Amino acid sequence: QQTQSQPQPQPQPEPQPQHHDKSEQSSAPQRESTPACPETPRAGAAPQGEQGVQMLKPFLPAWVRAQAVALQKECTQVEGCVAFVDVSGFSALTHSLSRNPKGAMLVSQYLNDYLSGLLAVVSAADGDVVCFLGDAFMALWRHTPPEPQKAAVLRATQCSLELLRRYNGYQVPGTAVSLNIHVGVSYGCSLGMLVDSGQGRRLFLLAGRLLLAVGAAVELASPGQVCLTGDAHLLIHNHVRGRLCPNSPSQDHYIVSEICGDEGPRASPKPCLTTTEGWSVSQHRVLQEYLPAVLHEYLCSVPTGASRSTLALQRFVSVLFVGQNGLRCSDVQAVKEFATAVLEIVAHNEGESLQLIQDDKGL
C-alpha cells in the first residue's frame, strides 16, 4: 500500500528466471490470485544530519546508539532490569487467514497495530526495546545511579502489568483468535557488545546470565502472568503482591498480581540522541551499518515527508539459523571472532546477517 502511494519508479528490467529455482516452481502450489512479491525500491541518497538520525533512531536501542556514536567498539557492562514479553496467538492468526486473498496484508496490519500498542506502553515507561525474537521482544530499563536498583525493577514490573491489563486476551477483529501475553522480569548485569565485520555491517549483542534468567522466568509465566526472578523480587518484595511460583526450580520465582503502597521513585529520563550537532559523517555512517541493507534501502526510497510507519513487503526468502553452543559469552574475544566470521561468510554468499542473540541454547 505504501509503495503504491509513492511516485512510480522507473521501469525495471524483467526479472531473470535464475532468481527462482525451477524445482521450486514445479513443486510450489499455484498462486494465481496472489501478486508477485514486489521488488525492493531502489535506494536514493541516504539522508544526513538531523533527518538521517531521526530516520535511523527508532530502529536501534538507546544504549547501542549512545555507544556507537561514541565510536566505542569494546564491550560494556549493562546493569538493569530486562522484561521478556512473549505474545502467543500470531501463529493461529496466520493460519486462520491463510486462505484469505488479503491474508498477508491483514496479518501485517494486525501485527503492526498490536505491537505498536505494546511498544507505546514500554516507551511511556522509559523502557528501551533491545530486540525482537519472533513474536516476542525484550525491553531494558538501565540502572542509573544515584537511583536505587529497585527503581528499574519497579518500572519494568509496572509496565508489564499495564501490558497485561491493556492487551492480554485481545480479540482480533473478524477472527476467533485471541492474542495473549506472558512476561518474565529479571535484574542483573549483562555484557553489551558491538561487533564490526569491517565490511559495512555491524551487529550488537546483549548477553550474560541476566538474559538466561529472564528467559527461564518467562517460561514459568502462564498467559496473563508476570513472573519475577528471585533477584528482581528481592529488590521490590515490599512493593508487590502475588505468590511464589509453584514450578520454580529455585523456589524463588514470584508471580506478581499488583504493585502496592509506594510505587517507587519517579523514572529518570532516558539518554536520547535528539540532536546531530557536532556529529561527524563517520558517526552517522556507523549507525547506518547497524541496519540491515534491505531496510536501509527501503527507508532511503521513501520520499521526504512521507510516512515510514508501515514497512511491510511480502517476499520469498531462505532463512538460515546458525547456533554455536560451545561459546561462553564471558569470553568476549571468542564471541567477537565467531560473530565476525559469520558476518563475513554470510556476506560472501550474498546473504544478510540480521541479528545476534543469546538464549538457553547458546549464541
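**A first look at the chain**

Me: Of the 363 residues of the chain, what percentage counts as buried?

Reply: This is a predicted model: local features need pLDDT of at least 70, side-chain atom pairs count only at pLDDT 80 or more, and totals for chains, interfaces and linings use all residues. Numbering starts from 1 along each chain as its sequence is written, and side-chain values use heavy atoms, with hydrogens and water left out. Buried means under 20% relative accessible area, exposed over 50%, partly exposed in between (1.4 Å probe, protein chains only). Of the 363 residues, the buried share is 43%.

Me: What pLDDT does the chain average?

Reply: pLDDT is the predictor's confidence in each residue, from 0 to 100. In this chain, 73% of the residues score at least 70. The average is 78.

Me: Which element of the chain has the lowest mean pLDDT?

Reply: Helices (H or I, at least four residues) and strands (E, at least two) are DSSP runs, numbered from the N terminus. The chain has 12 helices and 9 strands. Strand 7 (residues 226-228) has the highest mean pLDDT, 97. The lowest, 39, belongs to helix 2 (residues 22-27).

Me: Among contacts between residues at least 6 apart in sequence, what percentage joins residues at least 24 apart?

Reply: The count takes in contacts in the chain between residues at least 6 apart. Of these, the share that joins residues at least 24 apart is 74%.

Me: At what angle do helix 6 and helix 7 pack?

Reply: Helix 6 covers residues 103-124 and helix 7 covers residues 149-167. Their axes are 9 Å apart. Axes are lines fitted to C-alpha atoms, for helices over the stretch in contact, and angles run from 0 to 180 degrees between N-to-C directions. The angle is about 150°.

Me: Which residues of helix 7 make the contact?

Reply: Helix 6 brings Y114, G117, L118, V121 and V122. By class, the contact has 7 nonpolar, 1 polar and 2 charged residues. From helix 7 come C159, E162, L163, R166 and Y167.

Me: Where is P146?

Reply: The peptide bond from P145 to P146 is cis, with omega near 10°. Most peptide bonds are trans. P146 sits in the loop between strand 3 (136-142) and helix 7.

Me: What is phi of D126?

Reply: D126 lies in the loop between helix 6 and strand 2 (128-133). Most residues other than glycine have a negative phi. D126 is not glycine, yet its phi is positive, near 65°.

Me: Is E350 buried or exposed?

Reply: E350 is in the segment after helix 12 (332-348). Its phi is positive, near 60°. With a relative accessible area of 78%, E350 is exposed.

Me: What separates the C-alpha atoms of H296 and M55?

Reply: H296 lies in helix 11 (residues 293-301). H296 is buried, since its relative accessible area is 10%. M55 is 241 residues away along the chain. The C-alpha separation is 9.3 Å.

Me: What is the relative accessible area of I181?

Reply: I181 belongs to strand 5 (residues 178-196). G224 is 43 residues apart from I181 along the chain, but the two C-alpha atoms are separated by 5.6 Å. I181 is buried, and its relative accessible area is 0%.

Me: Leaving aside neighbours within four places in sequence, which residues is R243 in contact with?

Reply: R243 is in strand 8 (residues 240-244). R243 is partly exposed because its relative accessible area is 41%. C227, 16 residues apart in sequence, is 9.8 Å from R243, C-alpha to C-alpha. The contacts of R243 are Q225, Y254 and I255.

Terms used:
Contact means heavy atoms within 4.5 Å. Ala, Val, Leu, Ile, Met, Phe, Trp, Tyr, Cys and Pro count as nonpolar, Asp, Glu, Lys and Arg as charged, and the others, Gly among them, as polar.
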